[in-house]
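Biologist: Can you walk me through this one? Start with a sheet, then go where it leads.

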Amino acid sequence: MEKTFTFRFYNVTRNNNHTPAMVDILRLVAGIADKTQREKLLATDYIVRLENLEDDGPNAVVGELTRCQNTNLPSEIDHGDRRPLEVERLGHSVVFRFNHQMGVLGIQYDPRIISPGRVLEYLSAFNAAAIYEMQPRINEEAWAKFNAGETRKLSIRIANPDDMGVFAGPAQAASDSFRAMGDAYGAPLVTVEISMGHHRGFLSNAVRGLAAQLANMNFPGVRLDRLTAKTVVNDASEEIDLIEDRVVARETLEIHDRDPDINWQVKRNYLNQTMQQIFG
C-alpha cells in the first residue's frame, strides 16, 4: 500500500453565532466512551467514526477518523492459498488537525477513505446546527493575478459530476450542466472548456465567480481534477493553474505494515509539525 501521504489545508468558518464551535462538536463526540456509538452512517455502506482526539497545545486538536468497511472485504493470502478474511470489518483512517484559534483544518487527503466534505457531514450528524463552510487554503498570488486580469479561457475537469450539488448565481448553469452530462452519459469524468476561441474580447466577469465556487466546492464524492485559466494581465497572456496553487504537504512516512496505533502516531506527529511550520 501507499506510504506517501498528502495533506491539504482548509479555512473553516461558521455561518452565524448560533452554530456551535467545531472543536466543541469534536470534543462532544470524543466524550462518547463506546466508540461504536460514535459511528454514523453517512451513505450506503459508508460508516465513519471518530477514533482518536487529543489536544496539541492550547489552540489545536489532532484526531483520527475511521471509515468502517463491512462489504466487499479482501481475501487473505497464505503462500498459494486464498481464503476469506476472518474479521467482521476493516478500518481505514485519515488523520486531521484543527487549529480552532485560526480556523484552519489540515487533513490527510484521501477521498477514497474520507473526503473533507464527509468530515462536515459526520459532525452535523451529531448536531444539526453544526454547519460549517470549508475553503481550501490557496496561493493568494495566483488568484489575485487571475482576478486582476481578463479571462479568455477556463478549463475544468471534474470526477463524479453526477453527485454535484447546485452552485449559486450565474454559476448554477455550469453545475447543472456538469451534473446533467455525468448522469445522461454515465461519465465518471467530464472536461469542459469555456473559451473565446479566435474571437476578440474576454469572457464575462461571471467566470471568476464560477472558478471560485469550483475551487471551494466540497460535494461528497466529487473531485476537481483541473481548473486552469488563460488570463491577460497588462497585455501579457498567462496560463494560471488555480488548483495546483492550493497549500498542500506531501511526504513519504515510515508507517507500520500492520499496527494502526503506530501509524496514527506517525501521521499525527508529521501533521502537527507541518502545520506549526506553515501556519505558526
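Modeller: An open sheet has 4 strands in the order β11-β10-β12-β13, paired antiparallel. Strands pair if DSSP finds at least two bridges between them. Strands here are DSSP E runs of at least two residues, helices are H or I runs of at least four, and both are numbered from the N terminus.

Biologist: Which are the edge strands?

Modeller: β11 (189–195) and β13 (236–241), each pairing on one side only. From one strand to the next, the twist averages 10°.

Biologist: Before we go on, what kind of model is this?

Modeller: Predicted: local features need pLDDT of at least 70, side-chain atom pairs count only at pLDDT 80 or more, and totals for chains, interfaces and linings use all residues. Residues are numbered from 1 along each chain as its sequence is written, and side-chain values use heavy atoms, leaving out hydrogens and water.

Biologist: Back to the sheet. How many bridges join β10 to β12?

Modeller: 9 bridges, between β10 (residues 150–159) and β12 (residues 223–233), which run antiparallel. T151 stands opposite T231 in β12.

Biologist: Which strands does α4 touch?

Modeller: Helix α4 (residues 172–185) packs on the sheet and touches β10 and β11. Its direction makes about 140° with that of β11. Axes are lines fitted to C-alpha atoms, for helices over the stretch in contact, with angles from 0 to 180 degrees between N-to-C directions. Contact means heavy atoms within 4.5 Å.

Biologist: And where does α5 lie?

Modeller: Helix α5 (residues 206–216) lies across β10, β11 and β12, at about 30° to β10.

Biologist: V207 sits in α5. Is V207 buried or exposed?

Modeller: V207 has 7% relative accessibility, so it counts as buried. Buried means under 20% relative accessible area, exposed over 50%, partly exposed in between (1.4 Å probe, protein chains only).

Biologist: What does V207 touch?

Modeller: F146, T151 and L154, leaving aside residues up to four places away in sequence.

Biologist: Switching topic. Why is α2 largely enclosed?

Modeller: Because 7 of the 9 residues of helix α2 (residues 116–124) are buried. Among them are V119, L120 and Y122.

Biologist: What about the whole protein? How many helices and strands?

Modeller: 6 helices and 14 strands. Of the 280 residues, 42% count as buried. The C-alpha atoms fill a box of roughly 65 × 50 × 35 Å along the principal axes.
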